[in-house]
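Morning, everyone. Let's look at one protein chain together and walk through its fold. Please keep the viewer open while I talk.

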Amino acid sequence: MSVQITIYTDGSALGNPGPGGFGVVLMARGHRKELSEGYRLTTNNRMELLAVIKGLEALKITGGDVTVYSDSRYVVDAVTKGWIWNWQRTRFKNKKNPDLWQRFLKVYALHRVKFVWVKGHAEIPENERCDFLATTAARGPRLLIDEYYETSERTTPPLSE
């Protein structure tokens, strides 16, 4: 029997670029887990995508049915409209965030993932909670370094396999 997992995600940057953070709420079998981290210099889109990645990476089982709710058109459309597959074929040439998209593809392949776009700030409790987690993390005292973003190599895809 397959486990149904629900993940709500949100990312935020206070300035774009600026300090940023992500928030994730994972729910399965009556259990709930929240994740968040803040970064000293990043972008909103990087945090939106990192939220999805961190949510999927946190799953202890593979092959489950996962529904990801996100208010990020950037992330949801890239997958549901199939853009990601063209980007992958061209090795993410001239695309932003290739490091995160490559990381996403690895963890995405481990599950049966369905994406659902939700309107942000529409009083959806879990989405609002993710927004709170993301913005709180972005304002935190111990912000992490988004290594890839802070290098001058932002437009050059990292070496993979």
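Predicted model: local features only at pLDDT ≥ 70, side-chain atom pairs only at ≥ 80, totals over all residues.

Now the overall picture. The protein chain has six helices and five strands. Follow the sequence and you get the pattern β-β-β-α-β-α-α-α-β-α-α. The C-alpha atoms fill a box of roughly 45 × 40 × 25 Å along the principal axes.

What radius of gyration would a compact globule of 161 residues have? Near 15 Å, and the protein chain has 15 Å, so the two agree. Of the 161 residues, 48% count as buried. Next, the contacts. Take those between residues at least 6 apart in sequence: 68% of them join residues at least 24 apart.

On to the helices. Find α1, residues 44–57, and α4, residues 98–108. Their axes come within 10 Å and cross at roughly 25°. Parallel or antiparallel? That angle is under the 35 degree cut-off, so α1 is roughly parallel to α4. The crossing of these two helices is left-handed.

Who touches whom here? From α1, we have R46, L49, L50, V52, I53, K54, L56 and E57. They meet D99, L100, W101, R103, F104, V107 and Y108 in α4. By class, the contact of α1 with α4 has ten nonpolar, no polar and five charged residues.

Stay on α4, and bring in α2, residues 73–80. The axes of α2 and α4 come within 13 Å and cross at roughly 55°. Angles under 35 degrees count as roughly parallel, and roughly perpendicular starts at 65. The α2 and α4 pair is therefore oblique. This crossing is right-handed. On the α2 side, the contact uses Y74, V75, A78 and V79. On the α4 side, W101, F104 and Y108 take part. The classes here are seven nonpolar, no polar and no charged residues.

Let's look at α2 by itself. How many of its eight residues are buried? Six, so the helix is mostly covered. The buried ones are Y74, V75, V76, D77, A78 and V79. What do they pack against? The partners are α1, β4, α3, α4 and β5. Just after α2 comes G82, with a positive phi of about 80°.

Now some backbone details. A quick reminder first. Most residues other than glycine have a negative phi, and most peptide bonds are trans.

With that in mind, go to R91. R91 is not a glycine, yet its phi is positive, about 55°. You'll find R91 in the loop between α3 and α4. Is it buried or exposed? R91 counts as exposed, because its relative accessibility is 53% and the cut-off for exposed is over 50%.

N97 sits in the loop between α3 and α4 too. N97 is not a glycine either, and its phi is positive, about 65°. But N97 is buried, with a relative accessible area of 9%.

What about the peptide bonds? Look at the one from N16 to P17. That bond is cis, with omega near 15°. P17 lies in the loop between β1, residues 4–13, and β2, residues 18–28.

L14 is also in the loop between β1 and β2. At 31% relative accessibility, L14 counts as partly exposed. Set aside its neighbours within four places in sequence, and L14 is in contact with P19, A138 and R139. Now try a distance in your viewer. L14 and D65 are 51 residues apart in sequence, and 33 Å apart in space, C-alpha to C-alpha.

Last stop: N127, in helix α5, residues 125–138. N127 counts as buried, at 2% relative accessibility. Which residues does N127 contact, leaving aside its neighbours within four places in sequence? The answer is Y8, T9, D71, V118, K119, G120 and H121.

To recap: α4 runs roughly parallel to α1 and oblique to α2. And remember the cis peptide bond from N16 to P17. Thanks, everyone.

Note on methods
Residues numbered from 1 in each chain as written. Heavy atoms only, no water. Axes fitted to C-alpha atoms, helices over the stretch in contact; angles between N-to-C directions. Helix = DSSP H or I, 4+ residues; strand = E, 2+ residues; numbered from the N terminus. Parallel < 35°, antiparallel > 145°, perpendicular 65-115°, else oblique. Left-handed = near helix turned anticlockwise from the far one by under 90°. Contact = heavy atoms within 4.5 Å. Nonpolar A, V, L, I, M, F, W, Y, C, P; charged D, E, K, R; others polar. Rg over C-alpha atoms; globule rule 2.2 N^0.38 Å. Buried < 20%, exposed > 50% of the residue type's maximum accessible area, 1.4 Å probe, protein only.
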